[in-house]
Amino acid sequence: MPAFDLENFVHRLIAETLFYDAEYGLVGSLSLIDVEANREMYIASFMPDDGTLLIEEATEWESDVDLEDETDVAYRLAVESTEYGTYEIPEVASGALLALAEEHDLLPSFTVLFEDEEL
């Protein structure tokens, strides 16, 4: 039996989070969070319109986080972003996300979005 390959495991896990469920209109979104700055830095998700995976780089954020509201996340969400890259293959997008996380010391945050409300 081959040895466990942590890097392959992580790549596949990231790729699996960038899913699209056409029946329910659900889209998996993965954010990379700067814990020290307490804000979203990159956002990745599947784009149902053209079937690609998009990574965006945050350029502006919410002004503050209300941690008393249990529906809010514990970091400032991006309100503006620019396109970082578009990918056809989930594993390639996964590699780009992992490289960004490693380069900038970012942690992941996973969210499920409703296609018609969030995209």
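A residue is called buried when its relative accessible area is under 20%, exposed when over 50%, and partly exposed in between (1.4 Å probe, protein chains only). By this definition Asp-105 is exposed, because its relative accessible area is 62%.

The structure is a predicted model, in which local features need pLDDT of at least 70 and side-chain atom pairs count only at pLDDT 80 or more, while totals for chains, interfaces and linings use all residues. Residues are numbered from 1 along each chain as its sequence is written, and side-chain values use heavy atoms, with hydrogens and water left out.

**Loop residues**

Asp-105 sits in the loop between helix 2 and strand 6; helices (H or I, at least four residues) and strands (E, at least two) are DSSP runs numbered from the N terminus. Its phi is positive, near 55°. Asn-38, in the loop between strand 2 and strand 3 (39-47), likewise has a positive phi, near 60°. Most residues other than glycine have a negative phi. Glu-62 belongs to the loop between strand 4 (52-61) and strand 5 (78-87). Glu-62 and Ala-15 are separated by 47 residues in sequence and by 27 Å in space, C-alpha to C-alpha.

| Residue | Relative accessible area | Class |
|---|---|---|
| Asn-38 | 32% | partly exposed |
| Glu-62 | 29% | partly exposed |
| Leu-6 | 54% | exposed |

**Surface patch**

Leu-6 lies in helix 1 (residues 6-17). Together with Phe-4, Phe-9 and Leu-13, Leu-6 makes a nonpolar surface patch of about 470 Å². Patch residues have over 30% relative accessible area and no salt bridge; like charges are joined within 9 Å, and nonpolar side chains (Val, Leu, Ile, Met, Phe, Trp, Tyr) within 5 Å. A salt bridge places a side-chain nitrogen of Lys or Arg within 4 Å of a carboxyl oxygen of Asp or Glu. Accessible areas come from the Shrake-Rupley method with a 1.4 Å probe.

**Second largest pocket**

The second largest pocket holds about 200 Å³ of space. A pocket is an open set of points on a 1 Å grid, where a 1.4 Å probe fits, with protein on both sides within 12 Å along at least five of seven lines; lining residues have an atom within 4 Å of a point. The lining includes Val-10, Leu-13, Ile-14 and Thr-17. Helix 1 gives the largest share of this lining, four residues, and strand 2 (26-34), helix 2 (90-104) and strand 6 (107-114) each supply at least two. Eleven lining residues are nonpolar, one is polar and none is charged.

Methods: Points joined across faces, edges and corners; volume = space filled by probe spheres on them. Nonpolar A, V, L, I, M, F, W, Y, C, P; charged D, E, K, R; others polar.
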